[in-house]
Amino acid sequence: MNPEDVERLLGRFEPAPPPERLEQNVLAEGEKLLRRESERAFGPTRRARETRRWGIAGVAAACLILSAVLWRVLVPRPGDPGGAPCQGANEFETHLDTAAAAGPPAFPTGAPSLETYAPLFRRADALKPLAEELRWQNIPWVTDLEEAQRLARTERRPLFLWVSSDDPLGRCCSCAAGLRVGPLSQEEAIRRISASFVPAAADKKALEKGNHKEFLRSLKRQNPQYHGIWIVSPEGKVLAGHDDRKGKGLEGWTREIIETLETGLKAFGPVEPRTVAPPDLFPHRGVGVQPGGSVTLAVYTRLMLKGGRDGPLAFDSLTLSMEEWVMLFPPRVAVGEEWGVPEALARKFCRILSPVSDPDFMPRPEHAKRAELRAAVASVEGGTATVRLSGRWETEHSTPDGKPLRGSASGEGVAVLDVRKKTMLSFLLVTTGVFGQPPEGRECGAVVEWTSTTP
Amino acid sequence: MPNVLSTESSDGDLVGRFRAGDLEALLGLYRRYSGPLYLYACSLTGDPACAEDLVQEAFVRLMSVGRERLRESVRPFLYTIVRNLARDESRRSSIERGHAPALAFRAMRAEFADPGSLKRLEQAVAGALEKLPEEQREAVVLKVYVGMTFDEIAEVVGVPQGTAISRYRYAIGKLGELLADKEEVP
């Protein structure tokens, strides 16, 4: 068949129109966007009277905030490269965030020589999550949708189904990450969700690939939204929904979520209060060796300013196989012994460069232009060996819509080994760097940690 | 009110009207581009449900993007977004791209008198397209079913124009061989 005939034959077909629900979904999204734009446009006018009334107080508050920002920018922090060392207890208290102690896991201080690493621990503490950033873990999440549906049927209560574009309890889109550390970490929302609903968290892509594809489609048909929260009866009827996109500040957003809960509960009817303890969602994250010998390192990344927190937390994990894990052990336990971790393993750490929760923006091993992780035995005493780690990473990739992204980071760390048992006791790596669209980029940092037993 | 589906309304006009609060303008853009865009998404992912999500996400991003990033036609923007999303989707999931183009091409319809012959021809064309290398199949879809120029294809796919032309030419040549026994189409 000659090329003209082929083109003629192909031209006898045409694309079929997409399903009607797609048009409805797109229009629903458009309507929401317009509503939000409109609220943004008219909001200041409505608030004008109040702003005038509180004008003086507002200006004073702005001055205070500006002073605080300038203080953070201008005053170096202990632990900064080239920064002032800690001078005393007062300064220590100022910079070491005691709330970080609530974050798992605490680094063990068993090895006698670990005092040397105090600045490193302070840098880690300045990055790790605050207690209020992890309160969403107090909700008794069920991650198996089938189990959640079974519970809803048995207990005769609605599902609070939270569907994110990716893993809602790990790296997920910014909307879901914001929802997690925002409204879903507020006491009232936690209390209401836990007491009246069966809370389920699901990855949209996993649902689409698994047995719940039709269920998800049914939810979308009943309440068109790309992802977000659906309040669903045990029979699958949608009672309320929220597309989890950021509303009007934390307070407004939380109010919207609570209103969604109330609407759903009103449509369902009264339920008996529920008391279920939150499960351990991450039994192996950052703690212990799994049966196959693999370990899952806890990863936290975020934007920084002068070595301190300056943005929401990205909650992440990095799993290493047993073969990869042992590459972090020294070939010979003797002070001064140095070795380089294979590049393939060093590349796996590239994900820590992105302070953005959305995995679409996260560099992957293949995006590394440079990935180095070196180790050296620094001390051997009292049956333990400390290993000093140092690494450097550079990545280049692009956003889903083709904009370039560049990241670079360098880091230091320490690992402690039990020399007799030939096991790792703890691992800590702290990095700082820059991430964003070239030529600009934002300062960011990451903490990667693991300990053999729960402290 | 002017007809939003009118060819006189440029993409830029429709985007501007949507930003001014006219939902009908979004409907106009959707109806102008959704059919071929959905087909393209199907051909990249091989999964109609996933294709729906990609198309929806592309329109969401179109609505949210700054006006300065849009040119007179939004078509390259939409197709680039869908392509990038499909690439990420493919990387994240176990779906291998290009393994189910038949799903996309079964969705096509044609004006044939005999439904039996239509079915056979559909299967033959879908089967032939499936045998093409992925980048060649993409060039055919964008050229024949989306109606893009080679310049536009090059921009969306991110290759020089000459590469886009040669991919298309190779694809048509190969389809000619694969469909040699279909000389007498009804």
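**A quick walk through chains A and B**

Okay, let's start in chain A, where strand 9 and strand 10 (residues 384-398) pair in the antiparallel sense, with twelve bridges between them. Before I go on, keep in mind that this is a predicted model.

So what links those two strands? Strand 9 and strand 10 of chain A form a hairpin, with two residues between them. In that turn sits A:Gly382, and it has a positive phi of about 60°. If you want a pair to click on, take A:Ser379, whose bridge partner in strand 10 of chain A is A:Thr386.

Strand 9 of chain A, residues 368-381, also has strand 8 (residues 338-340) of chain A as a partner. Those two run antiparallel as well, joined by three bridges. There you can look at A:Glu338, which stands opposite A:Ala376 in strand 9 of chain A.

Now over to chain B. How many helices and strands does chain B have? Of the 186 residues in chain B, 41% are buried. And if you take the contacts in chain B with a separation of 6 or more, 64% of them are between residues 24 or more positions apart.

How do the two chains meet? The contact takes 35 residues from chain A and 45 residues from chain B. On the chain B side, the elements giving two or more residues are helix 2 (23-45), helix 3 (48-64), helix 4 (75-92), helix 7 (134-145) and helix 9. Helix 3 of chain B gives the largest share of that side, eleven residues. By class, the side of chain B that touches chain A has 27 nonpolar residues, ten polar and eight charged.

A word on confidence. The model scores ipTM 0.82 and pTM 0.57. Chain B has a mean pLDDT of 77, and 75% of its residues reach 70 or more.

Technical notes: Residues numbered from 1 in each chain as written. Chains lettered and ligands numbered in written order. Predicted model: local features only at pLDDT ≥ 70, side-chain atom pairs only at ≥ 80, totals over all residues. Buried ≥ 20, exposed ≤ 12 C-beta atoms within 10 Å, placed from the backbone. Contact = placed C-beta atoms within 7 Å. Pairing = 2+ DSSP bridges. Helix = DSSP H or I, 4+ residues; strand = E, 2+ residues; numbered from the N terminus. pLDDT = per-residue confidence, 0-100. Nonpolar A, V, L, I, M, F, W, Y, C, P; charged D, E, K, R; others polar.
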